[in-house]
Structures are given as structure tokens and as C-alpha cells.
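The following note sets out numbered points on the model shown below. Please read each point against the coordinates.

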Amino acid sequence: MELSVSILNSQDRKEMVKLLNKTNIAYIHVDVMDGIFVSQKTFNIKEIRTISQVSDKKLDVHLMVENPLLYIENIKDLTNIEYITIHLEINKDIKEILTKVKSYGFKTGISIKPNTNLELLLPYLEYIDLLLVMTVEPGLGGQPFILSSSNRLKEIKKLIQNYNIKLEVDGGINNHTIKEVELADIAVVGSYITSSNNPIDKINSLLV
């Protein structure tokens, strides 16, 4: 399993990225929120570009926003973005947005909230490289892991078994709950690492 570290709750995001550059994590997870799709507002375009400049790791950009194209058009030139993930629950043309993301050379992702009907994913599975499953309600770091998520992951794994899709989980992941998401290819971990006095020790505890 690979780690994608969310820097959302870092006291100094740039310094945290510089520290993470020296570790064997796979991605820097950038939680973008617009204050509309979720109540919190984080990572404007300027901040995303700043993180891109200091990161040696590929970026895993999670757009928790109602209008993803506003952001995508302004970061399409950034060469170290691996995934751009949008939410299934937005009231927009999902297929059109995924096609646009792919046209810019990025890998495409869809994210779903804990209670979203899995059948709603079916029309889009052939268009995505990543499925990001929220194991907390999106919008606020540091929430506890929803225990029913492990059963949900089993259902999702069956759903995507005939597709070349990476399964990513995000929310409440630590050295205990990571055992509940063993089916995932990528785990997003935030506060457990970035709020620690020794982030490298925390990373090592997850990669054993």
C-alpha cells in the first residue's frame, strides 16, 4: 500500500512538504475546498502552485469543490500532478470534466462520500484511474474513521474488479485503522502524521 500524505492540518505546509520530500511516501495529498461543496475553504490556486513548487513528490489533488473546472484550468500547467480527483456528488457534467482532466495529461479520479450510492459510479468507471473512498465526511481533518467503511471497500473492490482503477481511502487513517483498509492501493493519511512531533516515525509505523 502506498501513502498519500494530506498536509491540510500542517502548521507550516511548505516545511511539512520539504520534510515529506525526504521520506518514502508516494504522494502529497492536496485537499482543495471551496466553502460551497463543503463548509471549509482551503488551498486557493496560489497555494496549490506554491506546494507544487516545493514538492519533489507527485501531487494527489482532491477537489472538494462545486465547480472543479475553475481550478483545473488554473493548474493544468503543473507537471508534478499525478491525480486530479473530483466528487461524484457535484451537480456538474462529470464525464465532461474527466475528459478535460485527461486531455491535460493527468490521471482522473472520482471521490465518493461515505453514504453515496455505489451504483451511481457505474457510468464513469471506464473514465477513471482512481476511486477515492471517503471514510469520514469530507470537509474537516481529524475526524474518526467510520468503522463500516471496511465492508464498503469489499463491495467497491468487486465493483471495480474488471477495471484498471486504483482504490484510495481517505479519512481517520492511523496505525490502527489502516488495518481496516487493507484492500486499498493508496491510503491518505493526514493528522496522524502531520500533527506528530515525529512525522517520520509515524510514516514508518504505517509502512511496516
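Is Glu73 buried, partly exposed or exposed? Glu73 is partly exposed, with a relative accessible area of 30%. In this note buried means under 20% relative accessible area, exposed means over 50%, and partly exposed lies in between (1.4 Å probe, protein chains only).

1. Basis of the note. This is a predicted model, in which local features need pLDDT of at least 70 and side-chain atom pairs count only at pLDDT 80 or more, while totals for chains, interfaces and linings use all residues. Residues are numbered from 1 along each chain as its sequence is written, and side-chain values use heavy atoms, with hydrogens and water left out.

2. Overall form. The protein has seven helices and nine strands; helices (H or I, at least four residues) and strands (E, at least two) are DSSP runs, numbered from the N terminus. For 208 residues, a compact globule would have a radius of gyration near 17 Å, and the value of 16 Å for the protein agrees with this. That radius is taken over C-alpha atoms, and the globule rule is 2.2 Å times the number of residues to the power 0.38. Along the principal axes, the C-alpha atoms fill a box of roughly 45 × 35 × 30 Å.

3. Of the 208 residues, 53% count as buried. Among contacts (heavy atoms within 4.5 Å) with a separation of 6 or more, 65% come from residues 24 or more positions apart.

4. The whole structure holds seven salt bridges, each defined as a side-chain nitrogen of Lys or Arg within 4 Å of a carboxyl oxygen of Asp or Glu. One of them joins the side chains of Glu73 and Lys100, at 3.9 Å from N to O. This pair links distant parts of the chain, with Glu73 in helix 3 (residues 68–75) and Lys100 in helix 4 (residues 94–103), 27 residues apart. Lys100 is partly exposed, at 30% relative accessibility.

5. Lys107 forms a salt bridge with Glu82, and the closest N and O atoms are 2.9 Å apart. Here too the pair links distant parts of the chain: Lys107 is in strand 6 (residues 107–112) and Glu82 in strand 5 (residues 81–87), 25 residues apart. Lys107 is partly exposed at 34% relative accessibility, whereas Glu82 counts as buried at 15%. Elsewhere, salt bridges with shared partners join Glu73, Lys76 and Lys100 into one network.

6. Lys18 forms a salt bridge with Glu15, with 3.4 Å between the closest N and O atoms. Both residues lie in helix 1, three residues apart, which is about one turn of the helix. An α-helix has 3.6 residues a turn, so residues three or four places apart point the same way. Lys18 is partly exposed, with a relative accessible area of 36%, and Glu15 is also partly exposed, at 43%.

7. Strand 9. Strand 9 runs parallel to strand 1, joined by four bridges, with Ala187 as the bridge partner of Leu3. Strand 9 also runs parallel to strand 8, joined by three bridges, and there Ile186 is the partner of Glu168. Two strands pair if DSSP finds at least two bridges between them.

8. Helix 7. In helix 7 (residues 199–206), Pro199, Ile203 and Leu206 are buried. Seen down the helix axis, the buried residues fall within an arc of 60 degrees, so they line one face of helix 7; the arc is that of the directions from the helix axis to the C-beta atoms. Their cover includes strand 1 (2–6), helix 1 (13–20), strand 9 (186–189) and helix 6 (191–194).

9. Two loop residues. Phe43 has a positive phi of about 55 degrees although it is not a glycine. Phe43 lies in the loop between strand 3 (41–42) and helix 2 (45–54) and is buried, at 1% relative accessible area. Thr177, in the loop between strand 8 (166–170) and strand 9, is buried at 13% relative accessibility.
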